[in-house]
Amino acid sequence: MKRDVPSPDSAAGTDEVPAQRTFPVSRWRHGVLTAEVDHLAEEVPVALEYNGISHAVMLATPADLEDFALGFSLSEGIVEAASDIYGVDVEASAQGITVKVEIATGAFVELKGRRRAMAGRTGCGLCGTESLDEVMRMPEPVRSQAAFDPRVFEHAFAVLHKRQALLRDTGATHAAAWMRPDGEIALVREDVGRHNALDKLAGALARGGQEDIARGAVIVTSRASYEMVQKTAAIGAGVLAAVSGPTAMAVRLADTAGITLAGFVRGGTMVVYSHPQRLYIG
C-alpha cells in the first residue's frame with residue numbers, strides 16, 4: 001500500500017498485520033488462578049528495500065511503517081531530505097513485512113557505495129554495522145532556539161503516558177514524542193524498540209512539515225543511548241529528554257552536537273548533562 005500523506009497519530013498496525021494481538025493466559029494473583037485474555041504488542045521482521053535492493057531487517061511493531069521508513073532513511077543518512085523519497089510501499093507476507101522505498105538516483109548510488117547488512121534487534125541500534133566510521137557518524141551541530149521551563153516536561157510526560165495506546169494495552173512498548181515550545185505534545189509514535197519509535201517520530205515530523213523544529217524538543221520513554229542522540233541530531237532538535245539515564249557516549253555526542261540532554265526526567269526532577277542554557281534552571 002502506497003501512502004502519500006502523513007499517517008494519523010495512532011498505532012493501529014498495517015492493513016494486513018495488527019499492532020497487537022490477544023492470547024489466552026493464566027493469571028495468578030494473590031493465590032487465585034484465573035483464565036484471562038491478554039493483549040501483546042506485535043513484533044515482526046520489517047525488511048527495508050531501497051530501489052529493489054534489500055538493506056536492513058529490523059524487528060519492529062507493524063504500525064506507522066511509512067514514518068519508520070522515512071525516519072530511518074533520514075537518520076541513517078541514506079537520504080538528505082524527505083523529497084529524496086519518491087514512494088513507499090508496504091507489503092506483508094507470511095515471513096514478515098517488506099517496506100519498499102523508492103529513492104532518488106543520487107542517493108541510491110551513494111547507498112550502494114556503502115552497503116551494509118544489518119540484522120536488527122529491538123535493543124540494538126548498531127547490529128551489523130560494518131565499520132567504526134558508520135557507528136561514529138558525527139552530525140552537524142544543531143541550530144536550535146529552544147528554551148523551556150523544566151516544569152513543562154513533567155506535564156508533557158504525563159500527557160505522553162496517556163497517549164500511549166499500545167503501552168496501555170500491552171505494557172511492552174517505548175514511545176517518542178514531539179513537544180512544542182508551549183509544552184504541548186504534538187506527535188507520538190510507539191514501538192517495541194526505542195530506536196524504532198524515534199525513527200517513526202522523525203518520519204512523522206518530516207512528512208508533516210508543520211512543526212517548528214528549531215524550538216521544540218524530543219521526549220522519550222527510554223534511556224538516552226548514543227544512537228538516540230544521533231537520531232535527535234538528524235531531526236535537528238536541540239533538546240532530548242528521557243525518563244532514564246544516558247550513556248557516557250551519548251553525553252559526549254550531545255555535547256559535541258549542541259544538544260541539551262536531560263535524563264531521569266520524572267517526579268519533578270531531571271539531570272541535565274549537556275548544554276543547560278536551553279532550560280531555565282537557574
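This is a predicted model: local features need pLDDT of at least 70, side-chain atom pairs count only at pLDDT 80 or more; totals for chains, interfaces and linings use all residues.
Local features were taken at pLDDT of at least 70 and side-chain atom pairs only at pLDDT 80 or more, while totals for chains, interfaces and linings use all residues. Residues are numbered from 1 along each chain as its sequence is written, and side-chain values use heavy atoms, without hydrogens and water.

A pocket is an open set of points, on a 1 Å grid over the protein atoms alone, where a 1.4 Å probe fits, with protein on both sides within 12 Å along at least five of seven lines; lining residues have an atom within 4 Å of a point. Its lining comprises 25 residues, and Leu74, Gly77, Val79, Glu80 and Ala234 lie nearest the centre. By class, the lining has 12 nonpolar, 5 polar and 8 charged residues. Helices α1 (65-75), α2 (105-113) and α7 (226-235) supply at least two lining residues each, and α2 gives the most, with 4. The pocket lies between domain 1 (44-135) and domain 2 (150-274), because both give residues to its lining.

From α1, the contact (heavy atoms within 4.5 Å) involves Glu66, Asp67, Phe68, Leu70, Gly71, Phe72, Leu74 and Ser75, and from α6 Asn196, Asp199, Lys200, Ala202, Gly203, Ala204, Ala206 and Arg207. These residues divide into 7 nonpolar, 4 polar and 5 charged.

Terms used
Ala, Val, Leu, Ile, Met, Phe, Trp, Tyr, Cys and Pro count as nonpolar, Asp, Glu, Lys and Arg as charged, and the others, Gly among them, as polar. Domain bounds come from an automatic or database domain assignment.
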